[in-house]
Amino acid sequence: MTALKGVNLGGWLVIEKWITPSLFKGVKATNHYQLEKTLAGQIRLKTHYETFITEADIRWLHEQGIELLRVPFGYWVFGGEKPYQATIKQLDWVVRTASKYGMYVLLDMHAAAGAQSNKAHAGSGDQVKQNMWLNRLEWQERTIETLVKVAARYREEPHIWGIELVNEPSIDATGLKLVDFYRRAYKRITVVARPGTRIVFSDAFTPLLTANTFGWLAKREYPVVIDTHIYHCFGSANKRRTVDEHIRLARRSRWYVRLLSLFQPVLVGEWSAMLPYRTLPEKTTTFVTAQIKSYNTGEAWCYWNYKTEDSGRWNFRDMVETGQLKLLQ
């Protein structure tokens with residue numbers, strides 16, 4: 001089996017400063033929430049939503065052989081959540097455009113109500129304390145309500161590959177609170193989603209606690225998929241490894257994916273060519289190829305990110321155009 005080849009459309013409907021620094025130029029904001037609170041930010045975001053991802057981007061990805069788009073969105077997608085602007089117009093558009101090019105879509109709740117972590121990619125992560133989302137059922141309920149509306153809206157779209165319950169959430173010591181959220185969300189979404197839609201859940205970087213989250217609860221009509229994110233650029237251990245050690249580790253990742261696959265299908269929802277230091281292009285290509293071969297043992301993989309304002313290893317498009325990333329046939 002060869003996994004579906006995908007990319008993340010990060011930095012589009014949920015903003016991260018490092019992806020699009022120009023949006024933050026001249027304002028004190030550091031994340032999406034703060035940017036929306038400024039007039040300059042609102043004006044820039046309105047333009048950004050219309051221009052950062054266009055049909056030309058989707059066409060280019062299709063021409064490269066990309067089959068799956070993981071589309072991060074925020075709980076404010078339908079509007080009515082000040083100070084955020086609604087982005088349902090853009091979500092509808094990308095679903096339509098993906099269908100036009102025969103591509104699948106994974107709808108990813110990237111920023112939950114109340115922020116599921118204190119990271120900037122949670123939309124307003126610095127506004128809350130760590131783990132507050134896990135302890136506030138009303139925030140979890142608002143998150144589920146949005147997921148249900150999204151599932152119902154696209155029920156008739158057969159190319160919706162899956163719906164991801166929440167991206168990289170904080171987790172409690174036992175994992176029970178997060179698992180409880182997953183199970184409640186699964187029960188509600190599967191009432192309205194199209195049969196065959198995959199319900200994707202993050203391993204929260206603790207796969208041993210979350211791998212068997214659903215067990216008997218899972219229905220054949222709504223298969224569950226675990227999303228694991230594999231990065232080689234964070235932490236002191238990765239800094240100490242040589243590039244050849246990273247390549248060997250990337251090759252061994254196939255056994256990690258196969259282990260998780262014993263519980264349910266696996267999506268490597270985020271990975272990249274990034275390392276803690278510069279490397280020769282040839283080494284980068286070897287590193288990327290090793291990862292792709294390993295992740296092909298799963299159900300699908302999605303590179304983070306499709307593009308950034310800067311060139312480099314976080315930028316899938318730049319990596320392809322410079323010849324450092326070659327998709328395996």
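User: Which helix gives the most to the lining of the second largest pocket?

Analyst: Rolling a probe the size of a water molecule over the atoms shows where empty space is left. On a 1 Å grid over the protein atoms alone, a pocket is an open set of points where a 1.4 Å probe fits, with protein on both sides within 12 Å along at least five of seven lines, and lining residues have an atom within 4 Å of a point. Here helix 9 gives the most to the lining of the second largest pocket, with four residues; helices (H or I, at least four residues) and strands (E, at least two) are DSSP runs, numbered from the N terminus. This is a predicted model, in which local features need pLDDT of at least 70 and side-chain atom pairs count only at pLDDT 80 or more, while totals for chains, interfaces and linings use all residues. Residues are numbered from 1 along each chain as its sequence is written, and side-chain values use heavy atoms, with hydrogens and water left out.

User: How many residues line the second largest pocket, and which lie nearest its centre?

Analyst: The lining has 14 residues, and T228, H229, I230, Y231 and Y256 lie nearest the centre. Strand 6 and helix 9 (243–261) are the elements that give two or more residues to this lining.

User: Where does strand 6 pair with strand 5, and in which sense?

Analyst: Two strands pair if DSSP finds at least two bridges between them. Strand 6 (residues 224–230) and strand 5 pair in the parallel sense over four bridges, with F201 opposite I226. Strand 5 also pairs in the parallel sense with strand 4 (residues 160–164), over three bridges, and there I163 stands opposite I199. Between strand 4 and strand 5 the chain passes through helix 6 (residues 176–192) in a right-handed β-α-β crossover, a term used if, with the strands pointing away from the viewer, the path from the first strand over the helix to the second runs clockwise.

User: Why is strand 5 largely enclosed?

Analyst: Buried means under 20% relative accessible area, exposed over 50%, and partly exposed in between (1.4 Å probe, protein chains only). Four of the five residues of strand 5 (residues 198–202) are buried, so the strand is largely enclosed by the rest of the structure.

User: How many disulfides are there?

Analyst: A disulfide is a pair of cysteine sulfur atoms within 2.5 Å, and by this rule the count is zero. The sulfur of C233 is 17 Å from the closest cysteine sulfur, in C302, which is too far for a bond.
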